[in-house]
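Here is a chain with its coordinates. Please explain the labels given to its aromatic rings and its core.

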Amino acid sequence: MGARKHIKAEERKAALKTQYFAKLKGCPSSPRKMRYVVDMIRGMEVNRALGVLRFSKKAAAADVEKLLRSAIANWEAKNDRKAEDGELFVTRIFVDEGVTMKRMRPTPQGRGYRIRKRSNHVTLFVDAKTNDVKE
């Protein structure tokens, strides 16, 4: 690796140490279905988001709820204290496309239809509300 790439990689690594996040990789549902769930909680306070996810009928909500609990635990581990009510918010959350497994399904007259089994990656950032912003 070149010197410039090495310096940039170290800068990215240092920036991630100050952020609180969790990643879910290779979740076996389509990114489109996951984005419906993710859009419901974007920008919410974490306790409210956990409630929304708990009572959602979407199957992907269970995966996102587990991911959110992991991000909260990461925040608590880095700050050496428990999060207070109303302190943490979902600052950023996004869904990326993962690998797609391709399968064939037999159809009439010797043909075959392609089945695409999609997967996705979810990244969730939480952080405390800054004191500068007042609502």
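This is a predicted model: local features need pLDDT of at least 70, side-chain atom pairs count only at pLDDT 80 or more; totals for chains, interfaces and linings use all residues.

Residues are numbered from 1 along each chain as its sequence is written, and side-chain values use heavy atoms, with hydrogens and water left out.

Q: How many aromatic pairs does a search of the whole structure find?
A: The search finds two. Rings of Phe, Tyr and Trp (its six-membered ring) pair if their centres lie within 6.5 Å; planes under 30 degrees apart count as stacked, over 60 as edge-to-face and the rest as tilted.

Q: Why is the pair of Y20 and W75 called edge-to-face?
A: The ring centres are 6.1 Å apart and the planes stand at 65°, so the pair is edge-to-face.

Q: What makes the pair of Y20 and W75 a tie between parts that are apart in sequence?
A: Y20 is in strand β1 (residues 20–27) and W75 is in helix α4 (residues 60–79), so the pair ties together parts 55 residues apart in sequence. Helices (H or I, at least four residues) and strands (E, at least two) are DSSP runs, numbered from the N terminus.

Q: Why does W75 count as buried?
A: Buried means under 20% relative accessible area, exposed over 50%, and partly exposed in between (1.4 Å probe, protein chains only). W75 has 3% relative accessibility, so W75 counts as buried. Y20, at 15%, also counts as buried.

Q: What is the geometry of the aromatic pair that F21 and F125 form?
A: This pair is tilted, with 5.5 Å centre to centre and 35° between the planes. F21 lies in strand β1 and F125 in strand β5 (residues 120–128), so the pair ties together parts 104 residues apart in sequence.

Q: Which residues touch the most other members of the largest nonpolar core?
A: Of its 27 residues, these are M34, V64, L68, I93, L124 and V126. A nonpolar core is a set of buried Ala, Val, Leu, Ile, Met, Phe, Trp, Tyr and Cys residues joined through side-chain atoms within 4.5 Å. Helix α4 gives the most to this core, with eight residues.

Q: Why is R48 called exposed?
A: R48, in helix α3, has a relative accessible area of 57%, so R48 is exposed.
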